[in-house]
Amino acid sequence: MKQQDRIYTVPYLHLFNPQSPYLLHCFSVFLLFGSVLLIGITLFINDFFLNFHIQQFLGFTSPPPPSTTNVSSLNQTTETKPWSISIQNQTTETKPWSVSIHNQTEPTLTQHGGLNDSLNVPPKVMHHMSDQELLRTASRVPRIQKVHFRHTPKVAFMFLTKGPLPLAPLWQRFFQGIDPGLYSIYVHSHPSFNQTLPRTSVFYGRSIPSKEVRWGNIDMIEAEIRLLANALLDFSNQRFVLLSESCIPLFNFSTIYNYLMNSTQNYVQAYNLPGVEGGRGRYSSQMKPLIKLNQWRKGSQWFQINRALAIDVVSDKQYFPVFKRYCKAFCCGDEHYLPTFVSIKFWKTNSNRTLTWVDWSKGGIHPSRFMRMHITYDFLERLRHGSTCEYNGKTTNICHLFARKFMPDSLNRLLRFAPKIMRFN
């Protein structure tokens, strides 16, 4: 019996021997496991604090209650996103983007519902981040709605302005009675511009940290990227529309919202024409080999894009630095960067057209301007339904949702015609 005890105790004595290979092996395994565990905890903490930082920036203290969307079953069915809203006293013009939803329950849209219902105020837009910090944060936000509560997707209306918004009363009528949980507003104006707005204005507190913008200069693109980056911090924003102070809506909110949300494409105008019209004289051979002449595109800077493309734009560290270095003086980078970038990398999801109407028929370096005398019922109807195009594979006569350039003296006549023609409220 003693002999057997001695046989079974020997391995244990070897295990606790400092020079035992068993002890060294166990220590190595323990060290490896601890290292992996420490790395996992570090990654979790970094991700937690990034989300916490963004939520603090947006003003969230706790997840808001579920928002509600009243989904309307309309006449036609298309293979599009199942988003269709019905606004009280507004009629969506039933076109090929109308959707009929079967066996789906979406949140109901209420007059005071939406993502920010528990806050009663839109997310904050002012911050103290530098451009580098802003872009780094915006490039890491979710590409789709990966938040821990159900919510309604929003359209981000981004205004790139020199100073005041002379057509603000028209936009006030456009947004009047609309649930703030369906849209966000961002304004980039000259940093020295300071205007006092009433708290009832939809533009109140919507100015973002800005920098000076010069016509035709590369800082015009930087301002567009700055607007996109700020808008991306709100996870609910799924469509992004760039507008100027001279832009007007051509339809009511319900029509524009459904058109954008149910679209399967982005709207970045991009065309390739020889000579002056195509802007090939602005191309620099120093952009090769990354950007070749046959890849050079021109188009309107006024875009309408989805969240995935917006993140790709603010994350671009390949093409924009080349534009910033070689597209100078009269290059007019705002007419070339996004059309070229999208045509090279994302042409499959691009419509190659813009939803903002503008008149270049008179030639020159600026489009036609429209004043009080031009604003008639027939003129506005021509902008709304005067052309045909393709939308989600079908032909439609609604090709533009916005238009420019409208001068301040056109406001009174626009306010007179808009509620009837555009079916506001």
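Which residues touch the most other members of the largest nonpolar core? They are Phe157, Trp171, Ile248 and Phe406, out of 50 residues in that core. The model is predicted.

**Nonpolar cores**
- In soluble globular proteins, nonpolar side chains tend to be buried together.
- The largest nonpolar core holds 50 residues.
- Helices H4 (168–175), H6 (253–261), H10 (377–385) and H11 each give two or more residues to this core.
- Strands S1 (154–160), S2 (183–188), S3 (237–244) and S9 (402–403) also give two or more residues each.
- H6 supplies the largest share of this core, six residues.
- Another core lies apart from the largest one. This other core has 48 residues, among them Tyr186, Ile221, Phe235 and Leu338.

**Contacts of Phe406**
- Neighbours within four places in sequence are left aside here.
- Phe406 is then in contact with Leu167, Ser246, Ile248 and Phe370, among others.
- Its contacts also include Ile375, Phe379, Leu383 and Leu414.

**Largest pocket**
- The volume of the largest pocket is about 1,300 Å³.
- Its lining has 48 residues, and the closest to the pocket centre are Trp215, Glu335, Trp360, Pro367 and Arg404.
- By class, the lining has 19 nonpolar, 15 polar and 14 charged residues.

**Lys420**
- Lys420 sits in helix H11, which spans residues 411–421.
- Lys420 counts as exposed because its relative accessible area is 71%, and the cut-off for exposed is over 50%.
- Lys420 and Tyr377 are 43 residues apart along the chain, and their C-alpha atoms are separated by 9.6 Å.

Note on methods:
Residues numbered from 1 in each chain as written. Predicted model: local features only at pLDDT ≥ 70, side-chain atom pairs only at ≥ 80, totals over all residues. Heavy atoms only, no water. 1 Å grid on protein atoms, 1.4 Å probe; cavity = no way out; pocket = protein on both sides within 12 Å on 5 of 7 lines; lining within 4 Å. Points joined across faces, edges and corners; volume = space filled by probe spheres on them. Nonpolar A, V, L, I, M, F, W, Y, C, P; charged D, E, K, R; others polar. Helix = DSSP H or I, 4+ residues; strand = E, 2+ residues; numbered from the N terminus. Buried < 20%, exposed > 50% of the residue type's maximum accessible area, 1.4 Å probe, protein only. Core = buried A, V, L, I, M, F, W, Y, C linked by side-chain atoms within 4.5 Å. Contact = heavy atoms within 4.5 Å.
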